[in-house]
Amino acid sequence: MPAEAEHSAPAAHSAPAEHPAPADRPAPAHAPAHAGGTAHPVAEGGEEYWDSRYRESDRVWSGNANAVLVRETEGLTPGRALDLGCGEGADAVWLARQGWRVTATDISGVALERARAHAKEAGVGDRVDWQRHDFAVSFPDGEFDLVCACFLHSYGDFPRERILRRAAAAVAPGGVLLIAGHAGWPAWHEHPDHGVHFPTPDEVVASLELPEGRWEVLLAEEHERVQTRPDGHPGTRTDNAVKVRRLP
């Protein structure tokens, strides 16, 4: 489950936020909205929901890598990468093209099949290991030099903070954890649920419960980006990004 143009991942979930075709993954766990700006019932959040969501169209996300991923991985030495909530695979394919060996995961088998086809077409099919996971239940094995959780939002009882702590535990010494998420409802959303809490960058860092003296915070800030509105016109919304490095 991507995160709309970025990847977002549903519970286990991975909601693609994948590469914004609008640019950004489905809405946050607990409610936010997908690229079209329409909130989905929280009851719709598991594997069946996301498979159905992907079957609605031939392509849900734009096919472009998330800008925050491209920007924040510049200068990193390619190694092993983990993409949580890979959706249709744009981020994973982009990383593979840069020389990374990628483990890409999502809850939706439909999305993974599309991602696999995308990687094969791009000539990097042998550099990506596609795995199906419901992060509330299972998690990829191993340690990684880069772990990406871009727009890992979903609906229902999605244990995002616990999953992100698991993500941090999967970072190898000297490696980086990159987290991108929505900082609020888009301005054009007609009926925002004001009861939904979008964590600030500092709250995201605190929720990771990183051992003191073993990590350094490289980035924790909000930023504005362009996203296609439901009417097809460009709009802006605010997201946040956290980048932390595990010390060697």
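This is a predicted model: local features need pLDDT of at least 70, side-chain atom pairs count only at pLDDT 80 or more; totals for chains, interfaces and linings use all residues.
Trainee: Among contacts between residues at least 6 apart in sequence, what share joins residues at least 24 apart?
Mentor: This one looks at how far along the chain contact partners lie. Taking contacts between residues at least 6 apart, the share that joins residues at least 24 apart is 68%.

Trainee: Which element gives the most residues to the largest nonpolar core?
Mentor: That core has 23 residues, and those touching the most other members are Leu 84, Phe 139, Val 147, Leu 152, Leu 177 and Ile 179. Elements giving two or more residues to the core include strand 3 (80-84), strand 6 (144-150) and strand 7 (171-182). The top contributor, with 4 residues, is helix 5.

Trainee: Which residues does Val 147 touch, leaving out those up to four places away in sequence?
Mentor: Val 147 is among the core members that touch the most others. Leaving out its sequence neighbours up to four places away, Val 147 touches Leu 82, Leu 84, Ala 167, Ala 170, Val 171, Val 176, Leu 177 and Leu 178.

Trainee: How many residues are in the second, separate core?
Mentor: Look for Ala 81, Trp 100, Val 102 and Cys 148, which are among its members. The size of this second core is 20 residues.

Trainee: Why can we say that the buried residues of helix 5 line one face?
Mentor: Begin with the buried residues in helix 5: Arg 160, Ile 163, Leu 164, Ala 167 and Ala 168. Viewed down the helix axis, they line one face because they fall within an arc of 145 degrees.

Trainee: And what covers the buried residues of helix 5?
Mentor: Both strands and a helix take part in the cover. Included are strand 3, strand 6, strand 7, helix 6 and strand 8 (215-228).

Trainee: Turning to charges, is Glu 72 buried or exposed?
Mentor: Glu 72 forms a salt bridge with Arg 71, with 3.1 Å between the closest N and O atoms. Arg 71 is partly exposed at 41% relative accessible area. For Glu 72 the relative accessibility is 13%, and the cut-off is under 20%, so Glu 72 counts as buried.

Trainee: How many residues apart in sequence are the parts tied together by Arg 114 and Glu 88?
Mentor: The two form a salt bridge, their closest N and O atoms being 2.9 Å apart. Glu 88 is buried, with a relative accessible area of 8%. Arg 114 lies in helix 4 (residues 109-121) and Glu 88 in the loop between strand 3 and helix 3 (90-97), so the pair ties together parts whose separation in sequence is 26 residues.

Trainee: What separates Glu 113 and Arg 116 in helix 4?
Mentor: Their side chains meet in a salt bridge, 2.5 Å from N to O. As they are 3 residues apart in helix 4, the separation is about one helical turn.

Trainee: Last one: what is the geometry of the pair formed by Phe 135 and Phe 139?
Mentor: Both Phe 135 and Phe 139 are buried, and the count of aromatic pairs is 2. The ring centres of Phe 135 and Phe 139 are 6.1 Å apart and their planes stand at 55 degrees, so the pair is tilted.

Conventions. Residues are numbered from 1 along each chain as its sequence is written. Side-chain values use heavy atoms; hydrogens and water are left out. A nonpolar core is a set of buried Ala, Val, Leu, Ile, Met, Phe, Trp, Tyr and Cys residues joined through side-chain atoms within 4.5 Å. Buried means under 20% relative accessible area, exposed over 50%, partly exposed in between (1.4 Å probe, protein chains only). Contact means heavy atoms within 4.5 Å. A salt bridge is a side-chain nitrogen of Lys or Arg within 4 Å of a carboxyl oxygen of Asp or Glu. The arc is that of the directions from the helix axis to the C-beta atoms. Rings of Phe, Tyr and Trp (its six-membered ring) pair if their centres lie within 6.5 Å; planes under 30 degrees apart count as stacked, over 60 as edge-to-face and the rest as tilted.
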